Amino acid sequence: MTKEKQTGIWTVITSSSVGTLIEWYDFYIFGSLATILSVKFFPQDNPTIAFLNTLLTFAAGFIVRPFGALVFGRLGDIVGRKYTFLVTLILMGGSTFLIGLIPSYETIGYAAPLLVLLMRLVQGLALGGEYGGAATYVAEHSPSNRRGFYTSWIQTTATLGLFVSLVVILLTRTTMGEESFRDWGWRVPFLLSSILVGVSIFIRLKMNESPVFAKLKKEGKTSTNPLKESFGKKENLKMVLLALFGAAMGQGVIWYTGQFYAMSFIQKTCNIDHVQVNYIIVFSLLLGTPFFVFFGWLSDKIGRKWIMLAGMLLGVLFYRPIYTAMFNLADLEKKTEVAELYNIERELSAWEEDPAKQVATITTARTYSDSTVVKEVRRELDGKPFGDAVKGTILSSSGFWGMVLLIFVQVIFVTMVYGPIAAFLVELFPTRIRYTSMSLPYHIGNGIFGGLTPAIATRFFEDSKTAANPSGDPLAGLTYVIIVAAVCFVIGAIYLKNSYSNE
Amino acid sequence: MNAIRKVLGVVWILFSILTAYYIVSTAISEIGAGAPADASIFWPIIIFIFLPILFGFALFGYYSLKEEYN
């Protein structure tokens, strides 16, 4: 490859990746703020149901992704890659910005969750069209022997989007304080999206159409009906099904378990303090992200198949031990409280002169022998509880890094299944129907099998609560993940060819 | 390997049918028993999403049985 061509490919990768990263950021701030959004947009008669409804609204975005893949995939195969993913970017930015403006349930009642759901559906449709376009666009600029390496940069964007969303949330939270953040500051990450999308649109407008697609179009060889060609012809449909059941569905559950379910688990099941949860995930993602590129590069050398399948197998074998270790790290029953360090602080709101109207904030801190601290903050007005108490475990330094390590290991599994998959999917289908054909299995696998992981796993956990074990089995949610990954591993191992490239 | 693929084709078809039966019967029994509000949202979504996917999985099994992947 000449130096000029290499410079060109890096421009292509950067401009594609920035836009895709922003779309993932938009998509994931909703998940990262699920706990707060459940309070703002849903009735609070039952907080568990409110949280489940938020997870389902979050999941709705995933459920429509395959439809976005069909709509925009078709457009991308007829009109072109460049204009299609410009449209998806505008839709994503607009809907995210509007979520930040929706009034709360307290103000407009049930219109609030309905509007959130509507915007979430638009987000899902947009993302359904974006990823396939970006992966196809980069792959069609790449030489076949470097396709895994170059497309792996696109693969980092999903994790980096989550990473950026957490960093923005952390910065906003720490800058304005917990109370203001819970009150209105959670809207800032949504509103910020409009600036990021504006920058990305500016960059993308300068891009050229994919050379392979442009050539096809010039020769009049583009598909006139990509949907019919992709799913109406047995020869292609059977490859779509193989891509879904032999790779994408396993990739989806491993991806979401290693990042989102892990985050939900330490937050809801281990009851770790929200800010510390964000730090744990941020460090794990930061350490793990370079491995997307490593495994993409490696897939050019030894093939895509066994790297992806190894990631699935490791998940099947090690998720239960890993989650047991995570649970034990935060299990207060295994720790000894140091009674002398028990501390209680009471602070009155200074701005209110009338003592009857002053809100008292009572902070209780229990310290354990390994330096773990459990903080509970509750508020009282005129001697009666005011608002919900917030309780969280702040792990000791060793506990914190132990948790980072355990999630980092899961992120490595993610990088193994996800790093090479764009190249794998692109190579499975011909140029004229590539956008449509690769987008659908990817978004069913990643969006539905993966995106529903937190909701289905929470459901498994709730079902494990019995009269004999009212607190339930904290690892019950992993059953779904392990079954899906195991079935996908078997199919992948027996049916897939170990591809390197496809001229 | 081709013989294994053929046998597995039957396994995938049976797996699809049994999973579809499990999902539908659990949904009917839970919603019929007056399950909480979240169950009446959760199960229709699961049925709407997973039944077409299970149909696709059965089709995958059928193609496998017909030696399309050999």
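This is a predicted model: local features need pLDDT of at least 70, side-chain atom pairs count only at pLDDT 80 or more; totals for chains, interfaces and linings use all residues.
In chain A, helix H5, which spans residues 81–99, packs against helix H7, which spans residues 111–139, at an angle of about 150°, and the axes of the two helices are 8 Å apart. Because angles over 145 degrees count as roughly antiparallel, H5(A) and H7(A) are described as roughly antiparallel to each other. The crossing of H5(A) and H7(A) is left-handed, and the contact between H5(A) and H7(A) comprises 14 nonpolar, eight polar and two charged residues.

Strand pairing in chain A was examined around strand S3 (residues 373–381), which pairs in the antiparallel sense with strand S2 (residues 359–367) over nine bridges. Within the pairing that involves S3(A), A:Ala360 stands opposite A:Glu380. S2(A) and S3(A) form a hairpin with five residues between them, and the turn of this hairpin includes A:Ser371, which has a positive phi of about 75°. A:Ser371 is a residue other than glycine, and its position is in the loop between S2 and S3 of chain A. With 15 other C-beta atoms within 10 Å, A:Ser371 is classed as partly exposed. For context, most residues other than glycine have a negative phi.

S3(A) also pairs in the antiparallel sense with strand S5 (residues 390–394) of chain A, in this case over five bridges, and A:Thr393 in S5(A) is the bridge partner of A:Val374. A further antiparallel pairing joins S3(A) to strand S4 (residues 384–385) of chain A over two bridges, with A:Leu381 standing opposite A:Lys384 in S4(A). S3(A) and S4(A) form a hairpin with two residues between them, and A:Asp382, which lies in the turn, has a positive phi of about 55°.

A positive phi is also found at A:Asn271, where the value is about 60° although the residue is not a glycine. A:Asn271 is located in the loop between H13 and helix H14 (274–288) of chain A, and this residue is partly exposed, with 14 other C-beta atoms within 10 Å.

When neighbours within four places in sequence are left aside, A:Arg173 is in contact with A:Glu178, A:Phe181, A:Gly185 and A:Val275. The C-alpha atom of A:Arg173 is separated by 15 Å from that of A:Gly100, and these two residues are 73 residues apart along the chain.

Between the chains, 14 residues of chain A are in contact with 19 residues of chain B. On the side of chain A that touches chain B, the elements that give two or more residues are helix H3 (47–63), helix H13 (234–269), helix H19 (434–450) and helix H21 (478–495) of chain A. Of the elements on this side, H3(A) gives the most, with five residues. By class, the residues of the side of chain A that touches chain B divide into eleven nonpolar, one polar and two charged.

Definitions and conventions. Residues are numbered from 1 along each chain as its sequence is written. Chains are lettered from A and ligands numbered from 1 in the order in which they are written. Axes are lines fitted to C-alpha atoms, for helices over the stretch in contact, and angles run from 0 to 180 degrees between N-to-C directions. Helices (H or I, at least four residues) and strands (E, at least two) are DSSP runs, numbered from the N terminus. Angles under 35 degrees count as roughly parallel, over 145 as roughly antiparallel, 65 to 115 as roughly perpendicular and the rest as oblique. A crossing is left-handed if the near helix is turned anticlockwise from the far one by less than a right angle, and right-handed if clockwise. Ala, Val, Leu, Ile, Met, Phe, Trp, Tyr, Cys and Pro count as nonpolar, Asp, Glu, Lys and Arg as charged, and the others, Gly among them, as polar. Two strands pair if DSSP finds at least two bridges between them. Two residues are in contact if their C-beta atoms, placed from the backbone, lie within 7 Å. A residue is buried if 20 or more other C-beta atoms lie within 10 Å of its own, exposed if 12 or fewer, and partly exposed in between; C-beta atoms are placed from the backbone.
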